[in-house]
Amino acid sequence: MRALILSDIHSNIDALEAVLAAAPVHDVVWNLGDVVGYGAAPNAVIDCVRDLAVVHVRGNHDRGCSGLLHAEEFNPMALAAVRWTQKELSSENMQWLRKVPRGPVHTTGKATLCVHGSPLHEDQYVQAQPEARAAIAATKEPLIFFGHTHVQGGFAVNPDGDGFTLTPRYASPNAIDFYELKLRQGARYMLNPGSVGQPRDRDWRAAFALYDSVAQSVIFGRVPYMVQAAQIRILRAGLPESLATRLRIGR
Ligand SMILES: [Fe+2]
């Protein structure tokens with residue numbers, strides 16, 4: 001079974017289409033949340049992903065845009081995007097967004113877990129080993145996929161208890177590229193496919209991952225997309241200019 005794992009698409013249809021065109025062959029798609037917010041194509045993204053993915057987990061922006069969370073807690077840029085998205089979403093897509101399940105969600109039997117933030121809390125940012133270790137210690141599954149930080153890579157704990165941080169290494173900063181991680185028997189992992197629509201790891205390319213349960217590997221991928229098209233959509237929508245400029249620098 002090969003699962004294409006997408007997270008933090010953030011209403012960026014240009015990035016999503018590039019990922020789907022470039023992704024290696026897969027059997028299923030898993031969505032780790034934040035399909036909307038920040039970007040200017042929320043309906044197009046939901047129309048694409050709602051039936052495409054067999055696993056959905058809600059993100060904090062999904063909750064904010066669908067009224068399940070007090071968006072006043074968001075920063076001004078995010079709040080502006082929430083308000084704009086609430087007006088833009090079709091009633092059908094708003095209804096769907098409200099019903100996206102809270103993580104963790106089990107996949108492939110009980111072997112893997114999908115969350116937005118962490119198994120401990122859906123809004124937790126797992127940015128360093130201590131948080132990852134705590135989440136791994138609190139769960140039984142050897143493999144957890146998470147999003148929310150918009151940083152591709154993740155964390156591992158070896159059978160002997162040693163922990164380390166995983167950062168994909170790519171040959172080129174501007175071309176399509178892949179990085180394969182072979183999963184070690186007995187090790188535990190918490191892996192982030194990165195953000196499709198608003199990467200924050202100083203790499204502007206759309207990010208994704210592919211999990212192969214037979215080969216026991218995870219392939220991280222980055223793909224260039226028409227970032228100018230996404231920027232123009234944001235500016236034409238009247239969303240904050242910084243939401244457009246940040247896309248090109250990956251922050
Ligand atoms: Fe996000």
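1. Start with a strand pair. In this predicted model, strand 7 and strand 8 (residues 163–166) run antiparallel and are joined by four bridges.

2. Strand 7 has another partner. Five bridges join strand 7 to strand 10 (residues 188–192), again in the antiparallel sense. Find Ala156 and look across to strand 10: its bridge partner there is Tyr189.

3. Is strand 7 enclosed or open? Five of the five residues in strand 7 (residues 153–157) are buried, so the rest of the structure largely encloses this strand. Check both faces. On one side sit Gly153, Phe155 and Val157, and on the other Gly154 and Ala156; all are buried.

4. Turn to helix 4. This helix covers residues 76–88, which is 13 residues. At 1.5 Å a residue, helix 4 should span 18 Å, and its end C-alpha atoms are 18 Å apart, so expectation and model agree. Buried residues in helix 4 are Ala81, Val82, Trp84 and Thr85. Their cover includes helix 2 (42–52), helix 3 (60–65) and helix 8 (241–249).

5. Leu243, Ala244 and Leu247 are buried. Seen down the axis of helix 8, these buried residues fall within an arc of 100°, so they line one face of the helix. On the other side, Glu241, Ser242, Arg248 and Ile249 are exposed.

6. What covers the buried residues of helix 8? The cover includes helix 4 and helix 7 (227–236). Helix 8 is in turn part of the cover over the buried residues of helix 4. After helix 8 comes Gly250, with a positive phi near 65°.

7. Now step back to the whole chain. The protein has eight helices and twelve strands. Its C-alpha trace spans about 50 × 40 × 30 Å along the principal axes. A compact globule of 251 residues would have a radius of gyration near 18 Å; the protein has 17 Å, so the two agree.

8. Of the 251 residues, 49% count as buried. Among contacts with a separation of 6 or more, 71% come from residues 24 or more positions apart.

Conventions:
Residues are numbered from 1 along each chain as its sequence is written. This is a predicted model: local features need pLDDT of at least 70, side-chain atom pairs count only at pLDDT 80 or more; totals for chains, interfaces and linings use all residues. Helices (H or I, at least four residues) and strands (E, at least two) are DSSP runs, numbered from the N terminus. The radius of gyration is taken over C-alpha atoms; the globule rule is 2.2 Å times the number of residues to the power 0.38. A residue is buried if 20 or more other C-beta atoms lie within 10 Å of its own, exposed if 12 or fewer, and partly exposed in between; C-beta atoms are placed from the backbone. Two residues are in contact if their C-beta atoms, placed from the backbone, lie within 7 Å. Two strands pair if DSSP finds at least two bridges between them. The expected span of a helix is 1.5 Å times one less than its number of residues. The arc is that of the directions from the helix axis to the C-beta atoms.
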